[in-house]
Amino acid sequence: MNWNTRITDLLNIKYPIIQGGLAYLAYSELAAAVSNAGGLGQITAMSLESPEALRKEIQKVKQLTTFPFGVNFAIGQHGRPYTAYLDVALDEKVAVVSVTGGNPTPFFQYLEGSNVKKLVLVAAKRQAQKAEELGADAVMVVGQEGGGHLGKDDIGSLVLIPQVVDAVLIPVIASGGIGDGRGLMAALCLGAEGIEMGTR
Ligand SMILES: Cc1cc2nc3c(=O)[nH]c(=O)nc-3n(C[C@H](O)[C@H](O)[C@H](O)COP(=O)(O)O)c2cc1C
């Protein structure tokens, strides 16, 4: 089976499967295991106590895998200013950053001039369109069933994902309630080009 989509091309991964940011759960070991298995692992930056702690986690992942991995930023969620963490991610030349939980405009402005890949996790069609306008490389769309859901619209993944696929041109990564290969296939049928998995 050929799993190539615009997401595998964009992120340089074998399977279109992204591990979600998971505050206080997603450290170097998990990120490296996912990346070694052919997906995209992510370290969750904003629940780490300091930018230097993030640097240590990034350096640990680099010891555990040669494959790409990402750093996730739930901005506005943990009472920590994110720019110093972002500086570390850029300095360590991570391939991908993802952002959620707040307005991505200043985050994207901060990244101007960098060639890091930018993913935005959204929970509504209008947020996906905004992410596209701002220059996101891909948008991750999470339905109400997603763990740790921050959305306000209460729309399930099965309804929301095709709405977003029809509303943007950038590739869509489906999230929320996807727990196995059947969920991956269903997401691809809905027009998504990859999935994000958190707790299922
Ligand atoms: C305990 C917990 C913590 C989370 N922390 C983050 C986070 O820091 N950043 C983020 O982008 N998403 C976070 N999420 C959302 C997940 O990345 C993902 O979008 C969600 O779990 C997908 O739905 P699923 O759980 O049905 O797979 C969190 C989810 C949970 C359950």
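The protein contains eight helices and eight strands. Its radius of gyration is 15 Å, close to the 16 Å that the globule rule gives for 200 residues, so the protein is as compact as a globular protein of that length.

Let me turn to the overall dimensions. Along the principal axes, the C-alpha trace spans about 40 × 35 × 30 Å. Of the 200 residues in the protein, 49% are buried.

Next, the contacts within the chain. Among contacts with a separation of 6 or more, 57% are between residues 24 or more positions apart.

As for the surface, the protein exposes about 9,200 Å². Carbon and sulfur atoms supply 52% of that area.

Where is the place of Thr100 in the structure? Thr100 belongs to strand S4, which covers residues 96-100. Is Thr100 buried or exposed? The relative accessibility of Thr100 is 11%, and a residue counts as buried when this value is under 20%; Thr100 therefore counts as buried.

Which residues is Thr100 in contact with, leaving aside its neighbours within four places in sequence? They are Phe73, Ala74, Ile75 and Leu121.

To summarise, we have a predicted model of a protein with eight helices and eight strands, in which 49% of the residues are buried, and Thr100 in strand S4 is a buried residue.

Terms used:
Residues numbered from 1 in each chain as written. Predicted model: local features only at pLDDT ≥ 70, side-chain atom pairs only at ≥ 80, totals over all residues. Heavy atoms only, no water. Helix = DSSP H or I, 4+ residues; strand = E, 2+ residues; numbered from the N terminus. Rg over C-alpha atoms; globule rule 2.2 N^0.38 Å. Buried < 20%, exposed > 50% of the residue type's maximum accessible area, 1.4 Å probe, protein only. Contact = heavy atoms within 4.5 Å. Areas by Shrake-Rupley, 256 points an atom, 1.4 Å probe, with all protein chains shown as cover.
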